[in-house]
Amino acid sequence: MADYDVIVVGAGNAALSASVSARSAGAQRVLVLEKAPEEMRGGNTYYSGGLLRIAFEHTEEILRLVPKARELPGFVEGIEPYPTDAFWSDLRRMTDNRTDPELGEILISNSYATARWMAEQGIRFEPAISLGAVRVGNVIKWPKGAIVRAANEGVGLSRMWFAAAQKNGVEIRYGAAATRLLQTSQGSVCGVAVRDSTGIHEVRARAVVLGCGGFEANAAWRAQYLGRPWDHAKVRGTPHNQGDGLRMAFEIGAMPWGQWSGCHATPINAAAPPFGDRQLTDKTNRLSYLYGVMINKLGVRFVDEGEDQALFTYAKFGGIILNQPGGIAYQIFDSKVTNLLEPRYSTSQPVAADRLDDLVAQLDVDREAALRTLGDFNAAAGHGNFNPGERDGMTTRGLTLPKSNWAQKLDTPPFFAWPVTGGITFSFGGLKISNQAQVIGTGWEPIPGLYACGEMVGGIFHNNYPGGSGLMSGAVFGRIAGASAAQGG
Ligand SMILES: Cc1cc2nc3c(=O)[nH]c(=O)nc-3n(C[C@H](O)[C@H](O)[C@H](O)COP(=O)(O)OP(=O)(O)OC[C@H]3O[C@@H](n4cnc5c(N)ncnc54)[C@H](O)[C@@H]3O)c2cc1C
C-alpha cells in the first residue's frame, strides 16, 4: 500500500497549487517535499514580484480580485480590458510564434478562473502599483493584463500558499530532496527516493507531481544548454533549482520540450549578490531603461530601449546585457524622468553628475565613444510628445539603432547612471506535458503516475516572455496537475 496518494516535489507556487488542488480533488494523503530548509522555503516564488498576467473582459472582474482598489484614486480609470485574444497576441509576439498552442491556450483561457480559485484558497491580491504602472495626471496607466499581484508580492504569495496547504491538511517536509523517481515493473511512477538529514528513504505514492523548478541555479547546466557566458550569470532567485526534477524525469524517459537554449533574464543591479537575497527579493531589478538609454563598456548603445513597454522587453534584455563586454551596461537618465523610475532603483546608489561628460568620466566605459553616442542620441531625439503610459511613437530620427518610443533628449541635469548586469530568472526548456499535465515520454505516451507543473513545463516561453506569465502558468498547471494526480494516479 502506498504511503501517500500524491507526492508533490517542490514548494513554490506551482507545487503548492498542485498540493491544494490534489486535496480538493479527493486525495486524502498529500505530501510536499521541499529540498530547502524551512527558512529558505518557497523557491523562486518567494523572490518574485507576485505579478499575475490575467485575461479579462470587464473591469469588474479585476475588482472582484482586488475589491478595495475601487477606492484607490485613478485605479479604475486606467484599466483597459485584456481579453484572451490580447493575451494570445502578446504571447505569440513575445515568443516569435513558437509557443506551444495547446499549452498557451490552457494558460490563457484558465488565467482568470485560476486567479479566482487562488482567491478561494486564501490567496489575497493587491494592485501591482510599483511594477510597470505609471501615474499620468489623475490616472494610473496599467500595463495591459498586468494589474494584479499577490498581496505582499512573492513573500506574501509564498506565505499564503503554505498557509493554504497547511489548512488543507497537506504534510510538508523541509530539507527533503527528491533524488530519484520510483517505478513499478509496469513503468508507473510509484514514489520517490528522498534525501534528508537522516539519510535516503523511499516514499511510495499513487502519483507524483514534479513542481521543483528549472535548472537556472546550476552553473554547469547553464553552460551546457545556454552556453557562454551564462555560467557566470547571477541568479535572481533560489539556489535550489538545480534541474533535479528534469534530471529525474529524463532518467525514466521523459521528453525534453521547448527552448533549451533560452531563459528569462532581466537587467539587475550590477552589484547584486550571486543568488537571490531574501530581503531584497526582486528589488535588484532595473526596468525603467525605456525612459533613458543604455550603453556598454565600449560606449555604444546595443538595444532599442524604447522598443516596447518594460514588461515586454525586460525578460530578453537581461541576456543581451550579460552578453555585452564584461556583462555590464549603464542605464543613463536625466532629471526629467527620475520621477518615473521604479521605486526599486532606490536600493542602490547611482553615479551622478551635473554634466554628461562628468557622468561618463565616472563610468568604466570608452569615454570618447560614450560621449559620441550620447551626443548622436541627443541630436536624434526630442521629436513628438512624451507619454510614459503607452508607446508614444516618440522615436529618434536618423540613428542606425533607433529608440522607438520615449526618446527624449538627455538634457536636464543632474544626470544619473545605474550599472546593470543580466540576472537569470528561470530556464525555458522543460518537460513535455499533456493537457492534463501528465509527463509525456520520448515514445509520445504519458508516463503513468507522473505529472509536472511550473517552471518544469517546457514549450510555453521562447526567447522572451510577457511579464506576470510565470506565476500564472505555475498556478494554472499546478491546479491541473494536482487534480489529475488525485484522480488518475
Ligand atoms: C526575482 C524574481 C522575480 C519574479 N517576479 C515574477 C513576477 O512578478 N511574476 C511572475 O509571473 N513571475 C515572476 N518570477 C518568476 C516566477 O517566480 C517563477 O516562474 C515561479 O515562481 C516558478 O514557480 P515554480 O513553483 O515552478 O518554481 P519555484 O517557485 O522556484 O519552486 C521550486 C521548488 O522546488 C524545490 N526543489 C528543487 N529541487 C528539489 C528537489 N530535488 N526536491 C524537493 N524540492 C526541490 C525548491 O526548493 C522550490 O521550493 C520571478 C522570479 C524571480 C526569481
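This is a predicted model: local features need pLDDT of at least 70, side-chain atom pairs count only at pLDDT 80 or more; totals for chains, interfaces and linings use all residues.
Colleague: What makes the overall size of the chain agree with that of a compact globule?

Modeller: A compact globule of 489 residues would have a radius of gyration near 23 Å, and the chain has 23 Å, so the two agree. Along its principal axes, the C-alpha trace spans about 75 × 45 × 40 Å. The chain has 13 helices and 21 strands.

Colleague: Into which domains is the chain divided, and how far apart are their centres?

Modeller: Domain 1 comprises 4–216 + 430–488, and domain 2 comprises 265–423. Their centres, taken over C-alpha atoms, are separated by 32 Å.

Colleague: How do you know which residues form the contact of the two domains?

Modeller: Two residues are in contact if their C-beta atoms, placed from the backbone, lie within 7 Å. The contact takes 19 residues from domain 1 and 16 residues from domain 2. On the side of domain 1 that touches domain 2, β5 (134–136) and α7 (153–167) are the elements that give two or more residues. The most come from α7, with three residues. By class, this side of domain 1 has nine nonpolar, eight polar and two charged residues.

Colleague: What makes a residue part of the shell around the ligand, and which residues are the closest?

Modeller: The ligand is surrounded by 42 residues, the closest being Gly12, Gly43, Gly237, Gly454 and Gly470. At least two residues of the shell are supplied by each of α1 (13–24), β2 (30–34), α2 (43–47), β9 (177–183), β18 (415–427) and α13 (469–488). The shell divides into 13 nonpolar, 23 polar and six charged residues.

Colleague: Two of the elements that supply the shell are α1 and α13. How do these helices pack, and what is the handedness of their crossing?

Modeller: The angle of packing is about 35°, and the axes of α1 and α13 are 7 Å apart. Their crossing is right-handed. Residues of α1 including Ala14, Ala18 and Ala22 meet residues of α13, among them Gly474, Gly478 and Gly482. This contact of α1 with α13 has 12 nonpolar, seven polar and one charged residues.

Colleague: Which peptide bonds are called cis, and where are the prolines found?

Modeller: The bond from arginine 228 to proline 229 is cis, with omega near -5°. Proline 229 is found in the loop between α8 (219–226) and β12 (234–235). The bond from proline 413 to proline 414 is also cis, with omega near -5°. Proline 414 is found in the loop between α12 (367–380) and β18.

Colleague: Why is the phi of tryptophan 406 worth noting?

Modeller: Most residues other than glycine have a negative phi. Tryptophan 406 is a residue other than glycine, yet its phi is positive, near 55°. Tryptophan 406 lies in the loop between α12 and β18.

Definitions and conventions:
Residues are numbered from 1 along each chain as its sequence is written. Domain bounds come from an automatic or database domain assignment. Helices (H or I, at least four residues) and strands (E, at least two) are DSSP runs, numbered from the N terminus. Ala, Val, Leu, Ile, Met, Phe, Trp, Tyr, Cys and Pro count as nonpolar, Asp, Glu, Lys and Arg as charged, and the others, Gly among them, as polar. A residue is near a molecule or strand if its C-beta atom, placed from the backbone, lies within 6 Å of it. Axes are lines fitted to C-alpha atoms, for helices over the stretch in contact, and angles run from 0 to 180 degrees between N-to-C directions. A crossing is left-handed if the near helix is turned anticlockwise from the far one by less than a right angle, and right-handed if clockwise. The radius of gyration is taken over C-alpha atoms; the globule rule is 2.2 Å times the number of residues to the power 0.38.
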